[in-house]
Amino acid sequence: MIADDKNIKNCFLSFKNKKINSFDLEIRLISEFGAAGYYFDKISFIGYDKAEGITSALKDACLNFNIIAIVCPKDMETAVGNFIEKLLDAKFDDFGFLHMDKSDVFMYFSDIDAFKKPQNFIKKLNEKYQNSFYKSYIKTVGATGEIVSSAIEEAKTQCGNISFNVGDRFGDGTVEIVYDALTSKAVYDGVIRTLVYKLKDYIYSLENITLEERLVQLLKLRRMKLSTAESFTGGGIGKRIVGVSGASEVFFEGLNTYANESKSERLGVETETLRRYGAVSKETAYEMAAGLIASGNCDISIATTGIAGPKSDNTQKPVGLLYIAVGRREGISVYEYNLKGSRENITERAINLALFLAFKSLK
């Protein structure tokens, strides 16, 4: 595997406006290379207003690294390209690739290229170095960075030429396992076994599918109908569900019961419950989920109520407090969380947690 070849060194250079602090494009490109097993020994961000810094970085890259990925604005193409071509005595092709026996250079123009996977470049690298990569996935919800890192560190003790890429979006995590054709089945199985054991409380899939796709799969398998009653998540759970092809087979209805009157009139939440405990309470969440089950139209229900922020309500309950109820005909479970972050962060994490809790109730 190229990532573990000590004789091959890889470099990533980004020339950008130093006043722009977004690195989304660079992260996506680095992740794309990493997913194919190509990891960078050096990653540099250079302000493009410093000519001396640019030439110094390019010289260092061309003289000391074998695989070089460069991100820059389109108007730097000629200057950067000419400098590299002169230094390496080679030419870029029409796709922004330069290939030599000991050097491979990839140029990406940050201001005009819509994001596209550099698969052609990676394909040429694979052919050159005779690399074949395979991937497996473990999808989780709620596993902290410390938990995932601990699991990977334990797996690494037996993994040989296996590499790991980790991603997380609002608590919905992905562990991507990248391995080559030389990896034995025994080693691969041992790595997967270790990760699954360490992450078992958080796993929803061993395939690269979304959380909502996995839940819809399971609902179809169980031949069950789902209904949702959302307060502060504002229909986000229902939107994720109906975004899955075939969701009409398992999704009965989604209610956005935002006002207290809606909770009472549509779900049967007792006025006394709202008066005594408030809309954001385990008691209210319980009765919201119970109201959906009592309708007789669904086999499982999800209800959410909480405070997404940025300000609390007049009850002085903290921002980030939320209750998720999952109802079944056999009973209703209510879960309490105290999340941190922005309104978007709290809301999206709550949606992921709700979908995951529903999935776990069906396992």
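Modeller: Asp-89 is exposed, because its relative accessible area of 70% is over the 50% cut-off. In this predicted model, Asp-89 sits in the loop that runs between α3 (77–88) and β4 (97–99). The backbone there is worth a look too: Asp-89 is not a glycine, yet its phi is positive, at about 55 degrees. Most residues other than glycine have a negative phi.

Now turn to Phe-170, which also has a positive phi of about 55 degrees without being a glycine. You will find Phe-170 in the loop between β7 (163–169) and β8 (172–180). Phe-170 is buried, because its relative accessible area of 15% is under 20%.

Gly-309 and Pro-310 are joined by a cis peptide bond, with omega at about 10 degrees. Most peptide bonds are trans.

Finally, let us visit Ser-281, in the loop between α10 (271–277) and α11 (282–294). With a relative accessibility of 4%, Ser-281 counts as buried. Its side chain makes a polar contact with the side chain of Thr-284, at 3.0 Å. Leaving aside residues up to four places away in sequence, Ser-281 touches Thr-305, Lys-317 and Tyr-323.

Key: Residues are numbered from 1 along each chain as its sequence is written. This is a predicted model: local features need pLDDT of at least 70, side-chain atom pairs count only at pLDDT 80 or more; totals for chains, interfaces and linings use all residues. Side-chain values use heavy atoms; hydrogens and water are left out. Helices (H or I, at least four residues) and strands (E, at least two) are DSSP runs, numbered from the N terminus. Buried means under 20% relative accessible area, exposed over 50%, partly exposed in between (1.4 Å probe, protein chains only). A polar contact is a pair of N or O atoms within 3.5 Å; within protein, one must be able to donate a hydrogen and the other to accept it, and residues adjacent in sequence count only if both atoms are side-chain atoms. Contact means heavy atoms within 4.5 Å.
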